[in-house]
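Visitor: I'd like to go through this one label by label and hear what backs each of them up. Can we put it on screen first?

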Amino acid sequence: RVGIAQALLNDPKILILDEPTAGLDPQERIRFRTMIAGLAKDCLVILSTHIVTDVEHIASKVILLKSGQVVAYDTIDKILEPFSGQVCSLFVSDEEAEKYREQYLVSNMQPTENGILMRMVCPDRIPEGAVPVSAELEDAYIAYCGKDIVCEK
């Protein structure tokens, strides 16, 4: 907070923030996000973070980087357009989960009492039994950066 206050003293036209909400509890993160969004009305705010929900709630434009190269730059809606109809949710057994992880880009695995609920990006085809769901920024991030590549955002 002190760092942000110092940065704002001279009424900057550009504000660069690196992981500004990391380590904050959810309520404080929301408050801080709201403050950052308010600052963006008067200056350009460049936000670097791995917390996708912060990006979704603050950004009007997003840049995704892979190995230092821009792979996507646009509004969130435009970045998500190519993934319409390519994201699905599927309930699988613990044993099946590994098979799906090898075949698809998995953006989430939620363990349950009876197995695992998987969220996957499936550019070629939606697997049998899967339910199509709306694409989210995290899905696009996984799709652009791949399974085994560390991506910057």
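Visitor: How do you know that the disulfide count is what it is?
Guide: This is a predicted model, and its count comes to 0 disulfides. A pair of cysteine sulfur atoms has to lie within 2.5 Å to qualify. Take Cys-88: the closest cysteine sulfur belongs to Cys-122 and is 3.4 Å away, so that is too far for a bond.

Visitor: Why is Cys-88 called buried?
Guide: Buried means under 20% relative accessible area. Cys-88 comes in at 0%, so the label applies. Cys-43 has 11% relative accessibility, so Cys-43 counts as buried too.

Visitor: On to helix H2. How do you know what span to expect of H2?
Guide: H2 covers residues 26-39, which makes 14 residues. The expected span is 1.5 Å times one less than the number of residues. That gives 20 Å here, and the reach from the first C-alpha to the last is 20 Å, close to expectation.

Visitor: What makes one face of H2 the buried one?
Guide: The buried residues in H2 are Glu-28, Arg-29, Phe-32, Arg-33, Ile-36 and Leu-39. Looking down the axis of H2, they fall within an arc of 135 degrees, so they line one face. An α-helix has 3.6 residues a turn, so residues three or four places apart point the same way. Turned away from the buried side of H2 are the exposed residues Pro-26, Gln-27 and Thr-34.

Visitor: What covers the buried residues of H2?
Guide: The cover includes helix H1 (2-8), strand E1 (14-18), strand E2 (44-48) and helix H3 (52-58).

Visitor: What makes Asp-25 a cap for H2?
Guide: A side-chain oxygen of Asp-25 lies 3.1 Å from the backbone nitrogen of Gln-27, at the N-terminal end of H2. The cut-off for a polar contact is 3.5 Å, so the 3.1 Å pair falls within that cut-off.

Visitor: How do you know that E3 and E4 pair?
Guide: Pairing takes at least two bridges. Strand E3 (residues 62-66) and strand E4 (residues 69-74) have 5, in the antiparallel sense, so they count as paired. Leu-65 stands opposite Val-70 in E4. The two strands form a hairpin with 2 residues between them, and Ser-67 in the turn has a positive phi of about 55 degrees.

Visitor: Why are E6 and E8 called edge strands?
Guide: They belong to an open sheet of 4 strands with the order E6-E7-E5-E8 and antiparallel pairing. Strand E6 (105-112) and strand E8 (131-132) each pair on one side only. The partner of E6 is strand E7 (residues 115-121), joined to E6 by 7 bridges. Val-106 stands opposite Met-120 in E7.

Visitor: Arg-119 is in E7. What makes Arg-119 buried?
Guide: Its relative accessible area is 16%, and the cut-off is 20%, so Arg-119 is buried. The side chain of Arg-119 also makes a polar contact with the side chain of Asp-139, at 2.8 Å. Beyond its neighbours within four places in sequence, Arg-119 is in contact with residues including Cys-88, Val-106 and Glu-136.

Visitor: And why is Glu-56 called partly exposed?
Guide: Glu-56, in helix H3, has a relative accessible area of 32%. Leaving out residues up to four places away in sequence, Glu-56 touches Ile-76, Glu-136 and Leu-137.

Methods: Residues numbered from 1 in each chain as written. Predicted model: local features only at pLDDT ≥ 70, side-chain atom pairs only at ≥ 80, totals over all residues. Heavy atoms only, no water. Buried < 20%, exposed > 50% of the residue type's maximum accessible area, 1.4 Å probe, protein only. Arc of directions from axis to C-beta. Contact = heavy atoms within 4.5 Å. Polar contact = N/O pair within 3.5 Å; in protein donor to acceptor, adjacent residues only side chain to side chain.
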